Amino acid sequence: MTAIDLNDEEIKTLIAIMKFSIDACPLGSVSQEFEIDAEKLEKLITKMEKGLQS
């Protein structure tokens, strides 16, 4: 596991970008190396939001 020190504002920015990408981007073509879909991003968003509440 890798830890990255981000402040609340940075985490909120990443959450906003991920939410936008779910609605506006064709996620299937983002990367051939990783399978990225809306469900995977929703899980990351939830994890990040829980981290902000801690």
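I take a pocket, on a 1 Å grid over the protein atoms alone, as an open set of points where a 1.4 Å probe fits, with protein on both sides within 12 Å along at least five of seven lines; lining residues have an atom within 4 Å of a point.

**Ground rules.** I am working with a predicted model, where local features need pLDDT of at least 70, side-chain atom pairs count only at pLDDT 80 or more, and totals for chains, interfaces and linings use all residues. I number residues from 1 along each chain as its sequence is written, and side-chain values use heavy atoms, with hydrogens and water left out.

**The pocket.** I looked up the lining of the largest pocket. It consists of M1, T2, A3, I4, L6, I11, L14, M18, L44, K47 and M48. I sorted these residues into nine nonpolar, one polar and one charged. For that sorting, Ala, Val, Leu, Ile, Met, Phe, Trp, Tyr, Cys and Pro count as nonpolar, Asp, Glu, Lys and Arg as charged, and the others, Gly among them, as polar. Helices α1 (8-24) and α2 (38-53) each give at least two residues to the lining. The volume of the largest pocket comes to about 410 Å³. That volume is the space filled by probe spheres set on the grid points, which are joined across faces, edges and corners.

**The whole chain.** I counted two helices and zero strands in the protein chain. Both are DSSP runs numbered from the N terminus: helices are H or I with at least four residues, strands E with at least two. The C-alpha atoms fill a box of roughly 35 × 25 × 15 Å along the principal axes. Of the 54 residues, 15% are buried. I call a residue buried under 20% relative accessible area, exposed over 50% and partly exposed in between (1.4 Å probe, protein chains only). The chain exposes about 4,700 Å², and carbon and sulfur atoms supply 56% of it. The areas come from the Shrake-Rupley method with a 1.4 Å probe.

**Charges.** I found 6 positive and 11 negative side chains, with the centres of the two sets 6 Å apart. Lys and Arg count as positive and Asp and Glu as negative; His and the chain ends are not counted. I placed each charge at NZ of Lys, CZ of Arg, CG of Asp or CD of Glu.

**Single residues.**
- I checked A16 in helix α1. A16 is partly exposed, at 45% relative accessible area. A16 and I45 are 29 residues apart in sequence, yet 8.9 Å apart C-alpha to C-alpha.
- I found P26 in the loop between α1 and α2. P26 is exposed, because its relative accessible area is 60%. Its C-alpha atom is 9.0 Å from that of D37, 11 residues apart along the chain.
- I looked at E39 in helix α2. E39 counts as exposed, at 52% relative accessibility. The C-alpha atoms of E39 and I22 are 9.0 Å apart, with the two 17 residues apart along the chain.
- I ended with Q53, also in helix α2. Q53 is exposed, because its relative accessible area is 68%.
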